[in-house]
Every structure is written in C-alpha cells, then in structure tokens.
Amino acid sequence: MGTPVVWEGNVGNAAEHRSFANGNKDPRHMLRLNVMFDNSIPDGQGGYKDRGGFWANVEWWHQDAERFAALFQKGMRVVVVGRAIMDSWTDKQSGQEVSALKVEASRIAILPHRVEHVSLSGGGQRPTNQPQGQARAQTNGGQAQNAPQPSPDDMRNYSEGFDDDIPL
C-alpha cells in the first residue's frame, strides 16, 4: 500500500525515461525524477523561510513518459500527486539492505515558477486573427510573439471569491 500524498518541490536532476518489456504487448514506460520536497513557510517580509525538507525519487508510469522526459528540467517547480512508499533493495557494493522513500506518482504538474515560455502542440493553438487584448511576449530566443491577454472583465470574474491565504 502507501500513503496518499500531494507534495510540491523542485526537480533535482534531468528526467530519466525507461522502457520495460511487457510480454507481447507494447512496452511499459516510466519517468523517474529526483525531487526535493521542501517545507518553506512565509517569513512575513515577502519571502520564504526554509524549515527543512527531504529528497525522494518519483516514478511515473505513463505511456508518454519518453516525451515527458524532455519537458522536466532540473530546478523546475512541480506538484506530485501519488502515494509514498518505502522502497528497499540490496546495495550491490556493500550487500547491505537499503531503504528510501519513493513516490509512485499518478500525476505530476509543472508550476510556472521560472518558466519562460509555453507552447502547445496540436489543436491547442488559437487562430491567427486573435481578438483585442494582445500583448508581446518574450521567448528564450528573444523573438517577440503575440500572446493573448485576458480582458479586465475576465480577470474580475476569475478573482471573485479567491483567497490566496488558504494553507495547503
């Protein structure tokens, strides 16, 4: 079994993709990340104070794991939903039994911290004749592109009843 978790942290290494044979079926795909789950709290001066944290391996079994491995980068802020379990194995060098916390993820979400640009593939693109409310957005390459901006009415509707002081 395992303990259900929803944890937020920073990716500590490049994502690793592995494929495993599955008999006569398509291979199973796994994405592995090493994540630092921190315990930051507001310091009362607009910043945050670190109250400790821990590292854990995160394994996400997903058919698109190979494609997702290219998205996750070291330093990205993520939310991991899944279950925490103790993983045990025998160390090959010492022969000792070793245990570590592992998260078997059902979902991993990238948070917008330090993200400079997002582009969608396939059907998620807007038509080129965008309505008013456009802005210029800078991408990594320095090229400006049209980026849709919400209208003030959209923002007013979004923020009604929103309380950003709710602890998670």
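The model is predicted, so here are its ground rules: local features need pLDDT of at least 70, side-chain atom pairs count only at pLDDT 80 or more, and totals for chains, interfaces and linings use all residues. Residues are numbered from 1 along each chain as its sequence is written, and side-chain values use heavy atoms, with hydrogens and water left out.

**Overall fold**

- The chain carries two helices and eight strands, where helices (H or I, at least four residues) and strands (E, at least two) are DSSP runs numbered from the N terminus.
- Going along the sequence, the pattern reads β-β-β-β-α-β-β-β-β-α.
- Of the 168 residues, 21% count as buried; buried means under 20% relative accessible area, exposed means over 50%, and partly exposed is in between (1.4 Å probe, protein chains only).
- Take the contacts (heavy atoms within 4.5 Å) between residues at least 6 apart in sequence: 53% of them join residues at least 24 apart.
- The accessible surface of the chain comes to about 12,800 Å², with 48% of that belonging to carbon and sulfur atoms; the areas come from the Shrake-Rupley method with a 1.4 Å probe, and for residues only the protein chains shown count as cover.

**Salt bridges and the charged network**

- Side chains of opposite charge can pair when their charged atoms come close.
- A search of the whole structure turns up nine salt bridges, each being a side-chain nitrogen of Lys or Arg within 4 Å of a carboxyl oxygen of Asp or Glu.
- One of them pairs Lys102 with Glu59, at 3.3 Å from N to O. This pair links distant parts of the chain: Lys102 sits in strand S6 (residues 97-110) and Glu59 in strand S4 (residues 48-61), 43 residues apart.
- Lys102 also bridges to Glu104, with the closest N and O atoms 4.0 Å apart. Through shared partners, salt bridges join Arg32, Glu59, Arg83, Asp87, Lys102 and Glu104 into one network.
- Lys102 counts as buried because its relative accessible area is 10%, while Glu104, at 24%, counts as partly exposed.
- Another bridge is Asp64 with Arg67, whose closest N and O atoms are 3.4 Å apart; Asp64 is partly exposed because its relative accessibility is 26%.

- Glu59 is buried, since its relative accessible area is 9%.
- Arg32 lies in strand S3 and counts as buried because its relative accessibility is 18%.
- The side chains of Arg32 and Glu59 make a polar contact at 2.6 Å. That term covers a pair of N or O atoms within 3.5 Å; within protein, one must be able to donate a hydrogen and the other to accept it, and residues adjacent in sequence count only if both atoms are side-chain atoms.
- Leaving out residues up to four places away in sequence, Glu59 touches Met30, Leu31, Arg32, Lys102, Val103, Glu104 and Ala105.
- With neighbours within four places set aside, Arg32 is in contact with Ala15, Glu16, Arg18, Val58 and Glu59.

- In soluble globular proteins, nonpolar side chains tend to be buried together.

**Surface and loop details**

- Leu71, Ile110, Val115, Val118 and Leu120 form a nonpolar surface patch with about 430 Å² of accessible area together. Patches are made of residues with over 30% relative accessible area and no salt bridge: like charges are joined within 9 Å, nonpolar side chains (Val, Leu, Ile, Met, Phe, Trp, Tyr) within 5 Å.
- Val115 is in the loop between S6 and strand S7 (134-138) and counts as partly exposed, because its relative accessibility is 33%.
- Most residues other than glycine have a negative phi.
- Arg114 has a positive phi of about 65 degrees although it is not a glycine.
- Arg114 lies in the loop between S6 and S7 and is exposed, since its relative accessible area is 63%.
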